[in-house]
Amino acid sequence: MEIEEDKCLINSLPDELLAFCLQNVDAYHLLHEVPRVCTRWNKLARDRLVWKKTGIYFDGSRKNDNSYVGSFIKLLNEVPYLGVLDISEVAVRVIDVASHDEFEPRLTHVTETLNSDSGANFCRNIGLSSLHSSAYFEGLCELLLSNQNTLTCVKLHDVQLGHPLEWADYGMFYELEKMKSTLSGVMEAVKNLPKLKELTLVFCEVWEYGAFKQWEMDRIVYTAVLQIFSLKRLRLVHARPLIESVPSPPPHSFWQLSSLEIVGESYFSDKLAAQFVSAARGTLRVFKSGHERVPRTMKVLGQCENLQVLDLPGLENNIYLKDLKKLHSLKIFSLRENYNVNVNAQCILKLNFLKNLRRLALIVVGDPHEADIILTIISQCQQLRTFILSEYQFPLRPRPFIHLAPKVVKSIVDGALPELHTFDVRSGADKEEWKEPLSVLKEHRPSLNILTEPVYLRLRS
């Protein structure tokens, strides 16, 4: 039965609300089905507001499905606008190129499936706000330049050379220079995005190759990053920079970064991290890093008056942070002794910021000195609302919580953490050692919200 247009209740909504509802429709139906409903919907289906949050994602597992690839390219070429484009799973690989001299093989990065030969048009201004891609995707520069006035979020994968030593062994200096030129063009395009707020650079997880030309590539990347003055959030994943000289920072008032995250298993340069923090010390609110032995960075962090959230591998060099007045969330990855050289209860008592913390997350491994440090920390946290205590068990070692559980609970029962609202106990195994202490805690603090969901922590090498 057909419903008359003037009796359809959804059409009683004003255009703004109806456009908001249509934001939940996927790109294909928004392009092909919505316009067929009525004249009004046909008009709204071409409105930029409707497409603001719409995204399309390339499924790498279907890259050999010609029908899927063709449909994806057709959709990309036809959409009037698009909020998010995720082509990070489009394969970009290094291949051998035929050479006249068989003893001098030539290598190059080639974008498979989605490239200019496939008919994809990357030069359209479709109002992109978010783009996820390999750094060596064939049409990346075109996408960045065509949508430079609307892009606010960019995530680049594979920001690395690949196997520089292998390339060097073949004497392929031309290919290395070409890759350097490609990366330079991409970073120049990223640097010139006037509205860019969030940038994520994902490097190779295990980047153990030599320094041949690598420091030049790193310098291109980090010099460009330090010149993006609109940037608010920067994430560096698995970054292991090899830089002979750190790029010059921008004028202090130019860099407005509010969040800096350096995550992954690779070592990150203390000097470069300190440069980033120093450039943003007036605006930085969030700093997360898993890299220890960073005295320069810790010293500059102590000068960040607006710092509110801090994730660290340990409390080494904590004396630099003692007077951070706005810090309200702290996460310590490990209280193991090798991450906390010269850290003891006396050092903890000097950390004035502990009195203002609202959220604290600690991960324990069972080192002998941990219990004293933890009890000292929580004795200073007078305003704490959320306390997360996670177990990190090593093979062939005793369970860390066995001796710690009763001590922590007794401290809370005796008056520590008077403002505590949520106590979150996270363990990768059964929690028999917590049953009796937590029942005692619940009896003395009946309003306390106690969470005991299991969480399996990844072993840190």
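Asn318 is located in the loop that joins β11 (309-312) to β12 (329-332); helices (H or I, at least four residues) and strands (E, at least two) are DSSP runs, numbered from the N terminus. The model is a predicted one, in which local features need pLDDT of at least 70 and side-chain atom pairs count only at pLDDT 80 or more, while totals for chains, interfaces and linings use all residues. Residues are numbered from 1 along each chain as its sequence is written, and side-chain values use heavy atoms, with hydrogens and water left out.

With a relative accessible area of 5%, Asn318 is buried, where buried means under 20% relative accessible area, exposed over 50%, and partly exposed in between (1.4 Å probe, protein chains only). Not counting residues up to four places away in sequence, Asn318 touches Met298, Val343, Cys347 and Leu351; contact means heavy atoms within 4.5 Å. The C-alpha atoms of Asn318 and Pro295 are separated by 9.3 Å, and these two residues are 23 residues apart along the chain.

The protein chain holds 15 helices and 16 strands. Of its 461 residues, 47% count as buried. Among contacts in the protein chain with a separation of 6 or more, 69% are accounted for by residues 24 or more positions apart.

Helix packing was examined next. Two packed helices are described by the angle between their axes and the distance between the axes. Axes are lines fitted to C-alpha atoms, for helices over the stretch in contact, and angles run from 0 to 180 degrees between N-to-C directions. Helix α13 (residues 370-380) packs with helix α14 (residues 401-413) at an angle of about 20°, and their axes are 10 Å apart. The two helices α13 and α14 are therefore roughly parallel to each other (angles under 35 degrees count as roughly parallel, over 145 as roughly antiparallel, 65 to 115 as roughly perpendicular and the rest as oblique). Their crossing is right-handed; a crossing is right-handed if the near helix is turned clockwise from the far one by less than a right angle, and left-handed if anticlockwise. On the α13 side the contact is made by Ala371, Ile374, Leu375 and Ile378, and on the α14 side by Leu404, Lys407, Val408 and Ser411. By class, this contact of α13 with α14 has six nonpolar residues, one polar and one charged. Ala, Val, Leu, Ile, Met, Phe, Trp, Tyr, Cys and Pro count as nonpolar, Asp, Glu, Lys and Arg as charged, and the others, Gly among them, as polar.

Helix α13 is mostly covered, with eight of its 11 residues buried. The buried residues of α13 are Glu370, Ala371, Ile373, Ile374, Thr376, Ile377, Ile378 and Gln380. Their cover includes α12 (345-348), β13 (359-364), β14 (386-391) and α14.

Helix α14 also packs with helix α15 (residues 432-444), at an angle of about 5° and with the axes 9 Å apart. Helices α14 and α15 are therefore roughly parallel to each other. Here Phe401, Ile402, Ala405, Pro406, Val409, Ile412 and Val413 of α14 meet Glu433, Trp434, Pro437, Val440, Leu441 and His444 of α15. The residues of the contact of α14 with α15 comprise 11 nonpolar, one polar and one charged. Leu417 lies in the loop between α14 and β15 (422-426). At 0% relative accessibility, Leu417 counts as buried. Its phi is near 55°, a positive value in a residue other than glycine. A positive phi is also found in His238, near 60°, and His238 lies in the loop between β8 (233-237) and β9 (259-263). At 14% relative accessibility, His238 counts as buried. Most residues other than glycine have a negative phi.

A search of the whole structure finds nine aromatic pairs. Rings of Phe, Tyr and Trp (its six-membered ring) pair if their centres lie within 6.5 Å; planes under 30 degrees apart count as stacked, over 60 as edge-to-face and the rest as tilted. The rings of Phe58 and Phe72 have centres 5.2 Å apart and planes at 85°, so this pair is edge-to-face. Phe58 is in the loop between β1 (55-57) and α5 (66-78), and Phe72 is in helix α5, 14 residues apart. Both Phe58 and Phe72 are buried. For Phe122 and Phe137, the ring centres are 5.2 Å apart and the planes at 80°, so the pair is edge-to-face. Ring pairs also link Phe203, Tyr222, Trp255, Phe268 and Phe276 into a cluster.
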